[in-house]
Amino acid sequence: MSKQLMQGRDGDMLTVTGLSKKFGGLKATDGVNFSVKENSITALIGPNGAGKTTVFNLITNIFPPDEGTVAFFDKEIVGWSSMAIANLGLIRTFQSARVFPGLTVLENVMVGRHRLIKSGGLGQMLWTSGSRREEATTRAQALAMLKIVGLDRFKDAHAVDLPMGAQKLLEVIRAVMSNPRLLCLDEPAAGLNDTETEELAALLRAIRAAGISILVVEHNMSLVMNVADHVVVLDAGKVIAAGSAAEVQRNPQVIEAYLGREQDAAA
């Protein structure tokens, strides 16, 4: 198989085509089309209720689509299990921070490496030299990731005791520990203060520089405009615009979608 086919059209790694989903009589998504290129940050934005998280859930098969396809490199992944999708290198986070209770901050990050551990259960139980090396390497990588976001000083604290913003950052770096090819982040800036949002922006750029592509759903427009290479705008379940951050900001349909919702809320 050629490299060009493996990458999809024009270097696209994820291609979403005609994605539609109804919940009862409500059409949450309606023929959604977009793609994500390698070594890029793509942002999926839109007013509340636009269908952004539903698209994420369809891509990762939390819900099956009524219509449409999702291709990751050369593979059609609709109907695949979440584990099979993760094993391809497509990893996602959720809107609400999810940390493992009973584990420290460091242990939570190390868990992200679990699917890549080569030593089996027996080797870990017997604590073989290979298991010890993997443990040491994973620990060092986890500490380095915590240092990037300024959480290394909390490495021995219980993860559930961290503020919500810090838990969100923790979830992102735990996902990075799984060595994704495409990292899907669902509102990672929710609950972050300005300083934490700046740290997140720096982290996202570092992740992209490391060769990991990102698809992010986000309401924080300052973050999106500062980090996104490509922006896809949803409204009422449909894509109404796509392009660079500057192009999207000037798009009359995008302006109408956001301002219209604000005026409706104020009425």
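Select Phe23 to begin: at 35% relative accessibility, Phe23 counts as partly exposed (that label sits between buried, under 20% relative accessible area, and exposed, over 50%, using a 1.4 Å probe and protein chains only). You're looking at a predicted model, where local features need pLDDT of at least 70, side-chain atom pairs count only at pLDDT 80 or more, and totals for chains, interfaces and linings use all residues. Residues are numbered from 1 along each chain as its sequence is written, and side-chain values use heavy atoms, with hydrogens and water left out.

The structure holds two aromatic pairs, meaning rings of Phe, Tyr and Trp (its six-membered ring) with centres within 6.5 Å; planes under 30 degrees apart are stacked, over 60 edge-to-face, the rest tilted. Phe23 and Phe63 make an edge-to-face pair, 5.2 Å centre to centre with 75° between the planes. Phe23 lies in strand E1 (residues 12-23) and Phe63 in the loop between helix H2 (52-59) and strand E4 (67-72), so the pair ties together parts 40 residues apart in sequence. Helices (H or I, at least four residues) and strands (E, at least two) are DSSP runs, numbered from the N terminus.

Next, pick Phe72 and Phe73: their ring centres are 5.0 Å apart and their planes at 70°, so this pair is edge-to-face. Phe72 and Phe73 are both buried.
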